[in-house]
Amino acid sequence: PPAEGGEATRATAAVPPKVPASRAGGRGGTVYRLDADGGVREIYGSKDDVLMTLAIGPSGRPWLGTGRDGRILEIDDRGGVAVVGRVASDQVAAFARRSEGGLWVGAASDARLVRIGTGTVGSGSWTSSAIDAGWIADWGRLDWSGDAPSGTKVALAVRSGNTDAPDETWSPWVRPATPPSGGGVAAAVPPARFGQVRVELTGAAKGGSPAVRRLELAYLTRNRPPRVVRLTVEDPGVAWGRGPSPSSSRNGMLVADDPFARRENDDLTGAGRAAGPIRKSYEAGVRTFVWDAQDPDGDDLRYDLAIARDGEGAWFPLASDLDDTFFSWDARGIPDGRYRVRLDARDAPDNSIGRELSALATSEPFVVDSTPPRLAVEADGRRVHVVVSDPGGGVESLEYAAAGGEWVGVAPVDGLADSPSETYDLEVPRNLGRRLVVRATDVGGNVAAVWVDLR
């Protein structure tokens, strides 16, 4: 409070920026720079390192003591961080300046005091963390640039392995002949998922020191084959296509009005054919193949289709270089029979020649039936006896209509249409006149019809 009779004053200070949510609470820490004009800016932040103490190091840059494996970090002018040392304790708890230069380091968990001087040592090394290629990789050129004054030396070493933490299963360190003033050399380590580099620095007798400013290790991940998760054959007549439905009706374009076509159109209603990018409709004679394929490397895939009679090994190419995951095909151009379709999924678009891989999948057998059923009709007065035969697939239904009326379905004598041949008996009411049409539909959507005259 102000002194009696005095005037109230208010101190002002810049508000530190909000700590990102990833570092708010729990572990982690942030270092801010407070400028003489009151400005505040973040110069370093970590969600992993618990920052225990801060001091200006012998280099004139900020040094951080962390609670992560006893690490000492140095921050450069751009916010970059380097590990300048470790102590054999879990936490670097405090720094103190030494009168003769350098720092005292107080470490916790095992009560340790370490002295850091201002001089240099004759040699040292730096080892990278394990480099994860994501999968088995071929390791190539190891390249570096920097300074190696006369009398100093830079030596590189590299190794590889298949565990995220290097262990006894890794290859031995390979020490290629390092170009003395920068450049590249073959790594020459076995193919593996992980790689690691070590830099060994040796100073000159009179105090000169080498410096490595850039270090690159090239690798190429080996290609993995795609996988076909699903390959299905739609019911006869179900057609898929890109684009909006060409009809303004809710059900899309109706190209037939027999029981088979009506059933398939009812199944497609509400399936997204009119609103989505893929339109589904019924088209007699069409067979549609639908599949799902995945690539572990995220490569773009292309697809080839071939067809063969069930039990035969001669595959006939059907379509190639497809980028959609479906294909609708007019099957009326091949003989009736049982067939299988084979899908070849290729990752060629994202891989060079010789590195591309593929996966094959074969469908369950399906029937191609483009031949209409046969009808044998006998009329005796108002009674009609019909035998419907369809050896290529099976009988779907029988209907009749008279005098322009609606189609009336007839049940087979045995109650269930489930065979290549079905028998039907019907009694036609006298009010329907003396002539009617009888039509049969098979499971392939084919229709046959005959006129029947009654007495």
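Is Glu422 buried or exposed? Glu422 is buried, at a relative accessible area of 2%; here buried stands for under 20% relative accessible area, exposed for over 50%, and partly exposed for anything in between, using a 1.4 Å probe and protein chains only. Before going on, a word on what you're looking at: this is a predicted model, where local features need pLDDT of at least 70, side-chain atom pairs count only at pLDDT 80 or more, and totals for chains, interfaces and linings use all residues. Residues are numbered from 1 along each chain as its sequence is written, and side-chain values use heavy atoms, with hydrogens and water left out.

**Around Glu422**

Glu422 belongs to strand β30, residues 421-427. Helices (H or I, at least four residues) and strands (E, at least two) are DSSP runs, numbered from the N terminus. Not counting residues up to four places away in sequence, Glu422 touches Val386, Val387, Val388, Val395, Pro412, Asp414, Leu416 and Ala417; a contact means heavy atoms within 4.5 Å. A polar atom of the Glu422 side chain also lies 3.0 Å from the backbone nitrogen of Ser419.

**The nonpolar cores**

Nonpolar side chains tend to be buried together in soluble globular proteins. A nonpolar core is a set of buried Ala, Val, Leu, Ile, Met, Phe, Trp, Tyr and Cys residues joined through side-chain atoms within 4.5 Å. The largest one here has 23 residues, and Phe289, Trp291, Tyr303, Leu305 and Phe327 have the most contacts inside it. Strands that each supply at least two residues of this core include β16 (227-233), β19 (286-294), β20 (302-309) and β22 (326-330). The biggest giver is β23, with four residues. Apart from this core lies another, of 16 residues, among them Val388, Tyr400, Val428 and Val438.

Strand β19 is mostly covered, with seven of its nine residues buried. It pairs with β16 in the antiparallel sense over six bridges, and Arg230 has Asp292 in β19 as its bridge partner. Five bridges join β19 to β22, again antiparallel, and there Thr288 stands opposite Ser328. Two strands pair if DSSP finds at least two bridges between them.

**A strand with several partners**

Strand β11 (residues 131-147) runs antiparallel to each of the partners below.

| β14 | 192-202 | three bridges | Ile131 and Gly195 |

**Tyr44 and its surroundings**

Tyr44 is found in strand β2, residues 40-46, and is buried, with a relative accessible area of 12%. The side chains of Tyr44 and Asp49 make a polar contact at 3.3 Å. Such a contact is a pair of N or O atoms within 3.5 Å; within protein, one must be able to donate a hydrogen and the other to accept it, and residues adjacent in sequence count only if both atoms are side-chain atoms.

The charged end of Arg198 sits over the ring of Trp173, 4.5 Å from its centre. Arg98 likewise lies over the face of Trp104, at 5.5 Å from the ring centre. The rule asks for NZ of Lys or CZ of Arg within 6 Å of the ring centre and within 35 degrees of the ring normal.

Finally, Ala111 has a positive phi of about 50 degrees although it is not a glycine. Ala111 is in the loop between β8 (103-108) and β9 (112-116) and is exposed, at 74% relative accessible area. Ala188 has a positive phi too, of about 60 degrees. Ala188 lies in the loop between β13 and β14 and counts as exposed at 57% relative accessibility.
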